[in-house]
Amino acid sequence: MHHFFDSARREARRLGQSPWDLAMVTWVPLLAVVLVVWMFSSAIPRNLPVGVVDEDHSGLSRQLVRMLDASPGIQVVDEFDSESSAQNALRSVRVYAMVNIPRDFERDIKRGVKSEVTLRHNAQFATHSSLLQRDVRTVVGTLAAGIEVSARTKRGESPQQAKTSFNPIQTQSIALFNGSGNYEKYLTAAVIPAILHILAMTAGAWAVGRELRDKTLGQWLGHEGGRSVAVALLGKLAIPWMTLTGIGTGALWFITAGRGWDIPGHLAWICLALALLMALSLAAGAAVAALTKSLRTALSVTGLLTAPAFAFSGMSFPLSAMPDSARLWATSMPFTHYIRLQTEQLLMGLPARASAATPVAFLLATLGLLALAAWGLVQARNKPSTWGAR
């Protein structure tokens, strides 16, 4: 094992001499994780700014405005005199939506004439838009139900009869997983491994590609056989694997068990999968650098493969709705399979055996990529003319 420890010590010295290389596998990922946790710490979006155009100025319209402002997800920040001023506020993103209460709103309601409250929302902010639509619909529906029940009660119906006759069929919506709609539980736990996946593959490509760029490949590998090259590669990747895995597992523990979340599945199984994802990412980056013999090309390929990984994982857009070619690309990405395992264990509570295939596949893929990287390094070592390429 002396090849392993010699390579690891050499990599440790190099990281100690290069603060920015050390930062890429230590405090930069840690800072990124802290920022993500802080960003989603409120868990559920609240007090989204909304404007109101009240053309009626009646008691009922003011009651609707008060109900909107009392809704946890909405904050009425301004009442505009005209639609043009409200449109300007919407375009400048001072508000994410505006509610228009029409003229004669109260009079029409009392006369039994249908009246429409208009919601104009900025749909380019998909999350804000969907939350505001839900909350405004709920508030307006509650007000309408109260008015109708009150009218039926005045006509002699009991309050219970009035509620039943007004809404004889009801829909019961039961959220099986993440019932509170907690964005911290849904997004933070998904974004953290996505960031670490990018950094791990970049670190693998950089660690190997730098040896080629600086023409130090021969000093690192010497003249040993392929097996020794593979062991030396493991030693080089050991430090970034330990730091990135440690940051990732520590972050997942903090935002779950450390925060008192009820985890229906197995946190240890998620941490194992994350550790294997980091190993797979490092091995993939090293393999790309060894095969292309160019640090610049390796980093470009790394960005191509990892940057869109979250978008193709099915967390932001359903896999089933993607075209066949996009779905094929998504299922070939390791992060897609990792995030599915994490969701199964963190939110759905599936038994560990239901997710067993993913860690096994990660382990086999890591071994295959390490073997491919070792082969590429042996080929490159025997061709010093290829060293020094950017």
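Predicted model: local features only at pLDDT ≥ 70, side-chain atom pairs only at ≥ 80, totals over all residues.
You'll find Glu116 in the loop between α6 (105-110) and β4 (118-121). Leaving out residues up to four places away in sequence, Glu116 touches Asn100 and Pro102. Val140 sits 24 residues from Glu116 in sequence, with 9.8 Å between their C-alpha atoms.

Now for the helices. α9 (residues 183-213) packs against α12 (residues 267-292) at an angle of about 35 degrees, and their axes are 7 Å apart. The crossing of α9 past α12 is right-handed. On the α9 side the contact includes Pro193, Leu196, His197 and Gly204, while α12 brings residues including Leu274, Met278, Ser281 and Val288. Sorted by type, the residues of this contact come out as 17 nonpolar, five polar and no charged.

And the cores? Here they are side by side:

| Core | Residues | Some members |
|---|---|---|
| Largest nonpolar core | 67 residues | Ile192, Leu217, Leu233, Tyr338, Leu377 |
| Second, separate core | 19 residues | Leu60, Val65, Val76, Ala97 |

The members named for the largest core are those with the most contacts inside it. Helices supplying at least two residues each to this core include α3 (27-39), α11 (226-255) and α16 (357-381). α12 gives the most, with 17 residues.

Which residues does Ile192 touch, not counting those up to four places away in sequence? They are Val33, Val36, Val37, Ala251 and Ile255.

Conventions. Residues numbered from 1 in each chain as written. Heavy atoms only, no water. Axes fitted to C-alpha atoms, helices over the stretch in contact; angles between N-to-C directions. Helix = DSSP H or I, 4+ residues; strand = E, 2+ residues; numbered from the N terminus. Left-handed = near helix turned anticlockwise from the far one by under 90°. Contact = heavy atoms within 4.5 Å. Nonpolar A, V, L, I, M, F, W, Y, C, P; charged D, E, K, R; others polar. Core = buried A, V, L, I, M, F, W, Y, C linked by side-chain atoms within 4.5 Å. Buried < 20%, exposed > 50% of the residue type's maximum accessible area, 1.4 Å probe, protein only.
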